[in-house]
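User: I am new to this structure. Please pick one part and take me through it closely.
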Amino acid sequence: AIMGASMGGFGSARAQYHLRQVCVYLDLRPINKPEVFISAAHTKFDTEGVLTDDEAKKSILTLLESLANAVQANRD
């Protein structure tokens, strides 16, 4: 599973795109959906480093569920 956070606009998106290219070359099987990009990350965490943004939490949860489903399917 791949996700990222950035202070600005598209830094995480570009990094994830490149990492996905590496995954293809190495014949890895990344989780493709959902894609999780948390932009303006500095506004979505509190001073203790706890994620406070509900949309970001929802996206991460969905990604982790997809990862768990992929692992389970690979076991069967």
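Analyst: The face of α2 turned away from its buried side carries the exposed residues D54, E55, K58, N69, A73 and R75. Exposed means over 50% relative accessible area, buried under 20%, and partly exposed in between, with a 1.4 Å probe and protein chains only. Helices (H or I, at least four residues) and strands (E, at least two) are DSSP runs, numbered from the N terminus.

This is a predicted model: local features need pLDDT of at least 70, side-chain atom pairs count only at pLDDT 80 or more, and totals for chains, interfaces and linings use all residues. Numbering runs from 1 along each chain as its sequence is written, and side-chain values use heavy atoms, without hydrogens and water.

Now the buried side. A56, I60 and L63 are the buried residues of α2. They cover an arc of only 60° around the axis, so they sit on the same side of α2. That arc is taken from the directions from the helix axis to the C-beta atoms. These buried residues pack against β1 and β2 (36-38); contact means heavy atoms within 4.5 Å.

Next, length. Helix α2 has 22 residues (54-75) and should span 32 Å at 1.5 Å a residue. The expected span is 1.5 Å times one less than the number of residues. The end C-alpha atoms of α2 are 32 Å apart, so the two agree.

Follow the chain on from β1. G8 is in the loop between β1 (3-5) and α1. G8 is partly exposed, at 41% relative accessible area. Beyond its neighbours within four places in sequence, G8 touches S39 and A40. G8 and H42 are 34 residues apart in sequence, yet 9.3 Å apart in space, C-alpha to C-alpha.
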